[in-house]
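Subject: Structure handover

Hi,

Here is the structure I said I'd pass on.

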Amino acid sequence: MAETHSLQDLQQPAVSSKVFVQRDYSSGTICRFQTKFPSELESRLDKQQFEETIQALNNLYAEAEKLGGKSYLEGCLACLTAYTIFLCMETHYEKVLKKIARYIKDQNEKIYAPRGLLLTDPIERGLRVVEVTIFEDRSIGSGR
Amino acid sequence: MKNCEYQQIDPQALSTPTPTPPPHQGDEPEKKTEPKRPKRKWEVFPGKNRFYCDGRIIVARQSGVLPLTVGLILVTSGLFFIFDCPFLVKHLTSCIPVIGGVLFVFVIITLLQTSFTDPGILPRATPDEAADIEKQIDNTGNTSYRPPPRTKEVLINQQVVKLKYCFTCKMFRPPRTSHCSLCDNCVERFDHHCPWVGNCVGKRNYRFFYTFIVSLSFLTAFIFGCVTTHLALRAQGGKGLVFALQESPGSAVELVICFFSVWSILGLSGFHTYLVASNLTTNEDIKGSWSGKSGEDVTNPYSHKNIFINCCSVLCAPMPPSLIDRRGFLPADESAQTGGTDIELPTLATKSEINVCTQGTKGLLESAALPPLLSTSCPQGKPQTAHPCPDISPAVNSDPSPELSTGCGAHHRASSHRDASPPRHTKTRSKKCKRAALHIPNPAFDAPVSPTSPDTGPGSKGRGHKGASFAPLH
C-alpha cells in the first residue's frame, strides 16, 4: 500500500492529463482521425501544427488502406497461394505502419516533446484514438 | 537489463532457517522462486479466447464443431483418394487426383487460417480512454447503477449510422463492429460466429472464410462427380449399382456425405458471394440494417456501388494488422501483480503509460530531453520492476542514465516493436507472428458491469485468465 501512495505521489505531478483524438467515421470505416483541435492543448501547441500532424497521419493510413492495382495484385497472389504468402511476406499495411511509427517518433522528438507532450501511436490503442499525454510543466523534478 | 528486476533467490538462502527475504515489493510474497519471466499479452487477454503456440494461434473458447469439420473433410478426401482415384486414373485421366489434391490442400489451409487467425478483435479501451468517454457522456458523475444504453450518431456517406456503446469493452463500437458474446470480444466488421470453424468471422479472416467455403464447395462437388462417375463406370455392363457399391464401399460413404453437404455448402457460398458483391455482412443482412425495412430511404453506406470494386475491397484489400498484440510482452512485473485488485486509477494509468513511457523516454533520452521528463516519467516504469519504493526517487536522481537506459531499455526491448528483437525466440520463429507482434499495451481490464450479452452474468466473472484484474474505474 505504501508503494501505491508513492506511485500516486510520483504519478500525478508527472502526467497532468491525456487528450484523446477520436476517429472520424464520416467516410466510412477507413482509418481517419478527427482534426478538431482539443481545447486542452491550446496553451501548449499551435492549432495548425496539430492539424498538420493529424492530417499527415490520416494520409498515411489512407495510403495503407488504399485500394489500387498493387493491393489487388497482392490480394490475388495471396488468394492463389491460399494466403500462405502472408507467412513469408510483410504486407503493404505493415510497411506503412512502420512508416507511421517513424513519423510519430519524429514528430515527438521535434515538436511534441519540447512542449511537454507525447503522442502515442494509434496502433497501440487499437487504432481507436490518438492519445496525447500532457506532462506537467516542472522545472525541477523533486520526485517525491 | 536485470538492474530493475527481481534478484534471483539464492537456493542456499532458502534452505537456511533464517533466509533473507528477497528484495521485492512488499505487497505480496512472491510465489515463484525463479525470476519472473516476462509475460506475454495473450496470457492476460480479457476475452474468451484460447491461445496456442505461445500466442501464435488464437481460437474461440469453444472449438465448436471444428474437429468434426476437419474430420469430415479428411475422411471424405481420404476415402476418395483410396477408393476412387485408382479406378479413375486407370479408366479416365490422372488429372483427377491432382485436381483433388490441390482442392484438398486449399480447403485445409484456408480452414486452419480461418480458425486460427484473429478475426479483427478490438482491444478493450484503456482505463484513461474509458474515463474520458465516460466524462463526455455522463456528467452527473453517478455511476452506481448501469446507465441506459448509450448511442452516438455519425453521418457516413450521407447515411445516419448509430454507434452503440459497448459496456464490456468500454468504448463506442466503430461502425460494423459487433460484440461476440461467445468470444467476449468486439470484432471489426463482424460477420458471424461460425461453430464449424470454431471462431468468429470478421474483417481479418473473412477472405479466408470465403475462400474456404468456395473451395470446399468445389471439392465437394468434384468428389461427388467423381464418385458418381466411378460408380457408373463400375455398374456398366449390366452389373448394377449394388455390385458397384459392394466393390467400392468407401464410395458409398462419400456419396452420402457429399450429397448432403453439397447443397448446404453451395448455398452458403452463393449467399456469401452475394454478400461480398454488395459489401454486406451476415450480421447486417440478418438484421436488415440497410434493406429499408423501416421505410426510410436507407442504402448501404459502405458499398462502392460497383460489384467488382465491392468484391475487390472485401477480398483483395490490404490485409489489416492484428490490433491485439498477442505476443508482445507485458511491462515487466505488472504480470505478477495479481494483488492489484485494489489499485487505483493512477496506478492503472501507469501500465498504459509504460509503453508510452518506454518508447517516448527512450527517444527523448537519446535527444537529451527535458530533465523533468527524465526524472518523472521513468519512475512510472521503475516501480513496476519491483524496486522498493523509497529507493525509486533517490535511485533516479542519483543515477539516472544507466538505470534509466537499462530499466527502460529492458521494458523497451521487452515490449518493443517487432523491429527491435525481443529477448525471446520470436524473431527466429515464423514470420506469421510479425502480423501479431505489433506493439500495443493490452489492458487486462475486468469490467465491473455486465457485458451486453444476456447469457453472461454481471460483475467480474472468473475468466480464468492470469494477470491483473483491476478495480472499477471509479
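This is a predicted model: local features need pLDDT of at least 70, side-chain atom pairs count only at pLDDT 80 or more; totals for chains, interfaces and linings use all residues.

Residues are numbered from 1 along each chain as its sequence is written, chains are lettered from A and ligands numbered from 1 in the order in which they are written, and side-chain values use heavy atoms, with hydrogens and water left out.

**Chain B overall**

Chain B has 14 helices and 10 strands; these are DSSP runs numbered from the N terminus, with helices being H or I of at least four residues and strands E of at least two. Of the 474 residues in chain B, 56% are buried. Buried means under 20% relative accessible area, exposed means over 50%, and partly exposed is in between, using a 1.4 Å probe and protein chains only. Among the chain B contacts with a separation of 6 or more, 69% are between residues 24 or more positions apart (contact means heavy atoms within 4.5 Å).

**The cores**

The largest nonpolar core has 44 residues, and those with the most contacts inside it are I73(B), F80(B), V161(B), Y206(B), F212(B) and L216(B). Such a core is a set of buried Ala, Val, Leu, Ile, Met, Phe, Trp, Tyr and Cys residues joined through side-chain atoms within 4.5 Å. Elements of chain B that each supply at least two of its residues include α2 (66–91), α3, β4 (151–156) and β5 (159–166). The top contributor is α5(B), which gives 12 residues. Sequence neighbours within four places aside, F212(B) is in contact with T69(B), I73(B), V107(B), T110(B), L111(B), T114(B) and V197(B). There's also a second, separate core of 38 residues, which includes C31(A), F33(A), A64(A) and V130(A).

**S115(B)**

S115(B) sits in helix α3 (residues 95–116) of chain B. It counts as buried because its relative accessibility is 0%. Its side chain reaches the backbone oxygen of V197(B) at 2.8 Å.

**Aromatic pairs**

Over all chains, the count comes to 13 aromatic pairs. Rings of Phe, Tyr and Trp (its six-membered ring) pair if their centres lie within 6.5 Å; planes under 30 degrees apart count as stacked, over 60 as edge-to-face and the rest as tilted. F81(B) and F104(B) make an edge-to-face pair, at 6.4 Å centre to centre with 80° between the planes. That pair links distant parts of the chain, with F81(B) in helix α2 and F104(B) in helix α3 of chain B, 23 residues apart. F81(B) is partly exposed because its relative accessibility is 29%, whereas F104(B), at 19%, counts as buried. Y165(B) and F167(B) have ring centres 5.3 Å apart and planes at 85°, so this pair is edge-to-face too. Y165(B) is buried at 3% relative accessible area, and F167(B) is buried at 4%. F80(B), F81(B), F104(B) and F222(B) form one aromatic cluster.

N310(B), C312(B), S313(B), V314(B) and L315(B) are buried in α9(B). Their cover includes α3 (69–80) of chain A, together with α5 and α7 of chain B. At the N-terminal end of α9(B), N306(B) is the cap: a side-chain oxygen lies 2.9 Å from the backbone nitrogen of F308(B).

L266(B) lies in helix α7 of chain B and is partly exposed at 43% relative accessibility. L266(B) and F218(B) are 48 residues apart in sequence and 8.5 Å apart in space, C-alpha to C-alpha.

**The sheet in chain A**

What is the order of the strands in the open sheet of chain A? It runs β1-β3-β2, three strands with antiparallel pairing. Strands pair here if DSSP finds at least two bridges between them. The edge strands are β1 (15–22) and β2 (117–120) of chain A, each pairing on one side only. Four bridges join β2(A) to β3 (residues 129–135) of chain A, and L119(A) stands opposite V132(A) in β3(A).

Cheers

Notes:
A polar contact is a pair of N or O atoms within 3.5 Å; within protein, one must be able to donate a hydrogen and the other to accept it, and residues adjacent in sequence count only if both atoms are side-chain atoms.
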